[in-house]
Amino acid sequence: MTEKITAADAIRLLDTGKAVAVDVREPDEYAVGHIPGAKLLPLGQVIDRAAEVLPDKNALWLVYCRTGRRSADAVQKLEALGYTDLRDLGGILSWPYEIEGDFEGHFLKSSQGEPCRKVWH
């Protein structure tokens, strides 16, 4: 069974280049906001496109989605395809660090009228 990984441990691996994040949400969700540098591999395409998007089956891949359901499913599929070093990062909803994407029209305002960093609450 694949280990879960905390955001704090994940950011250290990502910042040092020891791992790559994999977003298994849909392209429109990815466009709104994703972990910087994350590869997009929608859950419905994992079986057909994993070899193309994630060519190294021995690399450390940190798999996430919105809440953690799709990431758990994707990890099982990737393991069945022979991927050996996976971590389930869960959902981006609990990611406290930087995200990138096309946020226009997706920000909520804080009580001071300033844009919030994330759209998901």
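Reply: Happy to. Helices α3 and α4 are roughly perpendicular to each other, a label that covers angles of 65 to 115 degrees, while under 35 degrees counts as roughly parallel, over 145 as roughly antiparallel and the rest as oblique. Before the details, a word on the source: this is a predicted model, in which local features need pLDDT of at least 70 and side-chain atom pairs count only at pLDDT 80 or more, whereas totals for chains, interfaces and linings use all residues. Residues are numbered from 1 along each chain as its sequence is written, and side-chain values use heavy atoms, with hydrogens and water left out.

Helix α3 spans residues 46-53 and helix α4 residues 69-80; helices here are DSSP runs of H or I with at least four residues, strands are E runs of at least two, and both are numbered from the N terminus. The two axes come within 10 Å and cross at roughly 70°. Each axis is a line fitted to C-alpha atoms, for helices over the stretch in contact, and angles run from 0 to 180 degrees between N-to-C directions. The crossing of α3 past α4 is right-handed, meaning that the near helix is turned clockwise from the far one by less than a right angle.

At the crossing, Val-46, Ile-47 and Ala-50 of α3 meet Ala-74, Lys-77 and Leu-78 of α4, where contact means heavy atoms within 4.5 Å. By type, the residues of this contact are five nonpolar, no polar and one charged; Ala, Val, Leu, Ile, Met, Phe, Trp, Tyr, Cys and Pro count as nonpolar, Asp, Glu, Lys and Arg as charged, and the others, Gly among them, as polar.

Now for α3 itself. Its buried residues are Val-46, Ala-50 and Val-53, buried being under 20% relative accessible area, exposed over 50% and partly exposed in between (1.4 Å probe, protein chains only). They cover an arc of only 85° around the axis, which puts them on the same side of α3; the arc is that of the directions from the helix axis to the C-beta atoms. These buried residues pack against β3 (39-40) and α4. On the face turned away from them, α3 carries the exposed residues Asp-48, Ala-51 and Glu-52.

Helix α4 also holds Ser-71, which is buried with a relative accessible area of 0%. Leaving aside neighbours within four places in sequence, Ser-71 is in contact with Val-24, Val-63, Tyr-64, Cys-65, Asp-88 and Gly-90.
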